Amino acid sequence: MQKSNEISKTEFEVLDALWQGHPATASEIIERLNQKKDWHEKTVKTLLSRLVKKQIIDFNKQQRSYLYFPLLERNAYTDIESQSLVSRLFNGKVAPLVAGFASNNALSKQDVVELKSLIQEWEKNND
């Protein structure tokens with residue numbers, strides 16, 4: 001994803017609503033968004049247009065409706081953003097990020113179990 005395609009916080013919320021089920025009409029997306037807070041129809045349609053322009057989502061016209069679908073899947077977006085965060089804030093090193101969570105008691109026992117499992121899997125596949 002290029003710098004010009006970066007997603008704002010509000011664009012992400014719209015994209016997240018689309019990831020919940022697609023293809024979806026603007027009305028369906030608005031309904032999903034309104035479960036958390038009130039969104040104005042015009043705002044959502046503007047954000048959808050921006051995401052189309054950034055080539056993050058696209059649409060098919062079906063009679064008088066537009067059916068939106070993501071061009072970027074959640075996992076791909078998560079990978080891109082995770083790598084960007086680690087690169088920008090931690091010089092590409094993951095350990096300081098995890099250490100920060102650990103020192104602030106932000107890791108649950110389940111988080112630690114999952115991290116250990118990921119490390120064991122990585123060691124198995126990269127030896």
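Modeller: Let us begin with helix H1, which spans residues 9-19 of this predicted model. Its buried residues are Glu11, Val14, Leu15, Asp16, Ala17, Leu18 and Trp19.

Biologist: Which elements do the buried residues of H1 pack against?

Modeller: They pack against helix H2 (26-33), helix H3 (41-53), strand S1 (57-62), strand S2 (65-70) and helix H4 (74-90).

Biologist: What makes Trp19 count as buried?

Modeller: The relative accessibility of Trp19 is 12%. The term buried requires a value under 20%, and Trp19 therefore counts as buried.

Biologist: Why is Phe12 called partly exposed?

Modeller: Phe12 has a relative accessible area of 25%. Buried means under 20% and exposed means over 50%; the value for Phe12 lies in between, so Phe12 is partly exposed.

Biologist: Why is the ring pair of Phe12 and Trp19 called edge-to-face?

Modeller: A ring pair is described by the distance of the centres and the angle of the planes. For Phe12 and Trp19 the centres are 5.9 Å apart and the planes stand at 70°. Centres must lie within 6.5 Å for a pair, and planes over 60 degrees apart count as edge-to-face, so this pair is edge-to-face. The structure holds six aromatic pairs, and ring pairs link Phe12, Trp19 and Tyr77 into a cluster.

Biologist: What makes H1 and H2 roughly perpendicular to each other?

Modeller: The axes of H1 and H2 cross at roughly 105° and come within 9 Å. The range for roughly perpendicular is 65 to 115 degrees, and H1 and H2 are therefore placed in that class. By class, the contact of H1 with H2 has five nonpolar, no polar and two charged residues. On the H1 side are Glu13, Val14, Ala17 and Leu18, which meet Ile29, Arg32 and Leu33 in H2.

Biologist: How do you know that H1 is roughly perpendicular to H3?

Modeller: H1 and H3 pack at an angle of about 90°, with their axes 10 Å apart. That angle falls in the range of 65 to 115 degrees, so H1 is roughly perpendicular to H3. Thr10, Glu11, Val14 and Leu15 of H1 make this contact with Leu47, Leu48, Arg50 and Leu51 of H3. By class, the contact has five nonpolar, one polar and two charged residues.

Biologist: Lys54 is found in the loop between H3 and S1. Is Lys54 buried or exposed?

Modeller: Lys54 has a relative accessible area of 18%. As the cut-off is under 20%, Lys54 is therefore buried. The side chain of Lys54 reaches the backbone oxygen of Glu6 at 2.6 Å.

Biologist: What are the backbone features of Gln55 and Asn91?

Modeller: Most residues other than glycine have a negative phi. Gln55, also found in the loop between H3 and S1, has a phi near 60°, a positive value. Asn91, in the loop between H4 and helix H5 (95-103), has a positive phi of about 50°. The relative accessibility is 61% for Gln55 and 70% for Asn91. Exposed means over 50%, so Gln55 counts as exposed, and so does Asn91.

Biologist: Which residues does a cis peptide bond join?

Modeller: It joins His22 and Pro23, with omega about 0°. Pro23 lies in the loop between H1 and H2.

Definitions and conventions. Residues numbered from 1 in each chain as written. Predicted model: local features only at pLDDT ≥ 70, side-chain atom pairs only at ≥ 80, totals over all residues. Heavy atoms only, no water. Buried < 20%, exposed > 50% of the residue type's maximum accessible area, 1.4 Å probe, protein only. Helix = DSSP H or I, 4+ residues; strand = E, 2+ residues; numbered from the N terminus. Contact = heavy atoms within 4.5 Å. Polar contact = N/O pair within 3.5 Å; in protein donor to acceptor, adjacent residues only side chain to side chain. Phe/Tyr/Trp six-rings, centres within 6.5 Å; stacked < 30°, edge-to-face > 60°. Axes fitted to C-alpha atoms, helices over the stretch in contact; angles between N-to-C directions. Parallel < 35°, antiparallel > 145°, perpendicular 65-115°, else oblique. Nonpolar A, V, L, I, M, F, W, Y, C, P; charged D, E, K, R; others polar.
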